[in-house]
Amino acid sequence: MFGKDLALPESQRDAFKEPLGRELPESELASNSGETVYLTVGDVVSLTFRRCGVTPRLSIYDGFTERREMTDFARLVEDEPKETVVNPAGTITAAMADAVRRGIGGEVALIRVDGEEDLAVLPCLVLAPDGARVVYGMPGRCMMVVEVDGRTRDRAKELLSKMEELE
């Protein structure tokens, strides 16, 4: 499924606008037992988790929020090992998907994206084990959490099927 780079065609963008999951109040992080596998996508979400004392198995970030440079998370993790991948806006590169796969397997905990990380939610949902939680931000609104199960994995695959393979 992730053997080639994928691009979101303009004609399919509306299908990707409906949020996946439910709102995640920050207060819910305080009751985290440490048993849940979290994958975070986005600078603000990843920073919020760290500030609440929760270190996700994998955090994917690009150093920006709402198209403005956001360096607090990048500064926080600058001395930690990370993998950098190129992932242009509107795409999921094979390199991004491979880094996500290795991150879920515990080989890498941070992925710094040169480009945009928004669509990384989809490979996270497809590749993570059942019960893992993928958390992403709705800019200016809230954090959203999606629990990985057969239904959410199928929804992610359905969205991925709307993308075009790049040569």
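## Close-up views of a predicted model

View 1. At 1% relative accessibility, L110 counts as buried, where buried means under 20% relative accessible area, exposed over 50% and partly exposed in between, with a 1.4 Å probe and protein chains only. This is a predicted model, in which local features need pLDDT of at least 70 and side-chain atom pairs count only at pLDDT 80 or more, while totals for chains, interfaces and linings use all residues. Residues are numbered from 1 along each chain as its sequence is written, and side-chain values use heavy atoms, with hydrogens and water left out. L110 has its place in strand β9; strands (E, at least two residues) and helices (H or I, at least four) are DSSP runs numbered from the N terminus. Not counting residues up to four places away in sequence, L110 touches R50, L58, S59, Y61, F73, V77, E80, P81, K82 and E83, a contact being heavy atoms within 4.5 Å. The C-alpha atoms of L110 and A99, which are eleven residues apart along the chain, are separated by 9.3 Å.

**View 2. Helix α2 and Ser46.** Helix α2 spans residues 43-51, and in this helix D43, V45, S46, L47, T48 and F49 are buried. S46 has a relative accessible area of 0% and is therefore buried. When residues up to four places away in sequence are not counted, S46 touches T40, S59, I60 and F73. Just after α2, G53 takes a positive phi of about 80 degrees.

**View 3. The largest nonpolar core, with Ile60 and Leu122.** Which residues touch the most other members of the largest nonpolar core? They are I60 and L122, in a core of 39 residues; a nonpolar core is a set of buried Ala, Val, Leu, Ile, Met, Phe, Trp, Tyr and Cys residues joined through side-chain atoms within 4.5 Å. The elements that give two or more residues to this core are β3 (38-41), β4 (58-61), α4 (94-104), β9 (110-115), α5 (121-127), β10 (133-138), β11 (142-147) and α6 (150-160). Leaving aside neighbours within four places in sequence, L122 is in contact with F16, L20, I92, A156, L159 and L160.

**View 4. Leu160 in helix α6.** L160, found in helix α6, counts as buried at 5% relative accessibility. Not counting residues up to four places away in sequence, L160 touches M1, F2, L6, I92, L122 and V126. Although L160 and L8 are 152 residues apart along the chain, their C-alpha atoms are separated by 8.6 Å.

**View 5. The whole protein, as context for the close-ups.** The secondary structure of the protein comes to six helices and twelve strands. Its radius of gyration is 15 Å, close to the 15 Å that the globule rule gives for 167 residues, so the protein is as compact as a globular protein of that length; the radius is taken over C-alpha atoms, and the rule is 2.2 Å times the number of residues to the power 0.38. Taken along the principal axes, the C-alpha atoms fill a box of roughly 40 × 30 × 30 Å. Of the 167 residues, 46% count as buried, and residues 24 or more positions apart account for 69% of the contacts with a separation of 6 or more.
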